[in-house]
Amino acid sequence: QAQLVESGGGSVQAGGSLRLSCVASEYTYSAAKYMGWFRQAPGNEREGVAAIFQRGSLTYTPDSVKGRFTISRDNAKRAVYLEMNSLKPEDTAMYYCAASTIWGSSWPLAEAQYNYWGQGTQVTVSS
């Protein structure tokens, strides 16, 4: 049974917007400390682009997407969303939803923090 299922990827022109969705299993969502979104372009390392603390409202985004990407969640739907605006060609990548049930000192945008991963959804931004 899939723990995390993403949807919402696609192709868009530069300057456009996309909203990614991730629905988690009941256990994964309830046990998670963080829910996050990562991306990986061919030849590049996986990069954390947004995370949300599940026991409060803190969110985290790196400078590369700050002001353009927003993470949010809907507890009733066990869903996490990534709103992406002002998209650029360099945002093209496979986007992954992730959940961290690892508690302790950690950085929420670090790949090593996460122990559950979705299958990914492709985002392509054309110039």
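**View A. Polar contacts of the glutamate 6 side chain.** In this predicted model, the side chain of glutamate 6 reaches the backbone nitrogen of glutamine 119 at 3.0 Å, and a polar atom of that side chain also lies 2.8 Å from the backbone nitrogen of cysteine 97. Glutamate 6 belongs to strand E1 and is buried, its relative accessible area being 5%. Because buried means under 20% relative accessible area, glutamate 6 with its 5% falls into that class.

**View B. Surroundings of glutamate 6.** When residues up to four places away in sequence are not counted, glutamate 6 touches Ser21, Cys22 and Trp37, the run Tyr95, Tyr96 and Cys97, and the run Gly118, Gln119, Gly120 and Thr121. Of these, glycine 118 is 112 residues away from glutamate 6 in sequence, yet the two C-alpha atoms are 6.4 Å apart in space.

**View C. The open sheet that contains strand E1.** Four strands form an open sheet in the order E1-E3-E8-E7, and their pairing is antiparallel. Strand E1 (4-7) and E7 are the edge strands, each of which pairs on one side only, and neighbouring strands of the sheet are turned against each other by 20 degrees on average, direction ignored. E1 and E3 run antiparallel and are joined by 4 bridges; leucine 4 has alanine 24, in E3, as its bridge partner.

**View D. The largest nonpolar core and tyrosine 95.** The largest nonpolar core has 27 residues, and those with the most contacts inside it are Met35, Trp37, Phe69, Leu82, Met84 and Tyr95. Among the elements that give two or more residues to this core are strand E3 (18-24), strand E4 (34-40), strand E8 (79-84), E9 and strand E11 (121-126). A second, separate core of 8 residues includes Tyr34, Phe53, Leu109 and Tyr114. Leaving aside neighbours within four places in sequence, tyrosine 95 is in contact with Glu6, Leu20, Phe38, Arg39, Val49, Phe69, Leu82, Met84, Gly120, Thr121 and Val123. In soluble globular proteins, nonpolar side chains tend to be buried together.

**View E. Serine 100 in strand E9.** Serine 100 lies in strand E9, which covers residues 93-100, and this serine is buried, with a relative accessible area of 0%. Apart from neighbours within four places in sequence, the contacts of serine 100 comprise Ala31, Ala32, Lys33 and Tyr34, together with Gln113, Tyr114 and Asn115. Tyr34 and Tyr114 are also among the residues of the second, separate core.

Notes. Residues are numbered from 1 along each chain as its sequence is written. This is a predicted model: local features need pLDDT of at least 70, side-chain atom pairs count only at pLDDT 80 or more; totals for chains, interfaces and linings use all residues. Side-chain values use heavy atoms; hydrogens and water are left out. Buried means under 20% relative accessible area, exposed over 50%, partly exposed in between (1.4 Å probe, protein chains only). Contact means heavy atoms within 4.5 Å. A nonpolar core is a set of buried Ala, Val, Leu, Ile, Met, Phe, Trp, Tyr and Cys residues joined through side-chain atoms within 4.5 Å. Two strands pair if DSSP finds at least two bridges between them. Axes are lines fitted to C-alpha atoms, for helices over the stretch in contact, and angles run from 0 to 180 degrees between N-to-C directions. A polar contact is a pair of N or O atoms within 3.5 Å; within protein, one must be able to donate a hydrogen and the other to accept it, and residues adjacent in sequence count only if both atoms are side-chain atoms.
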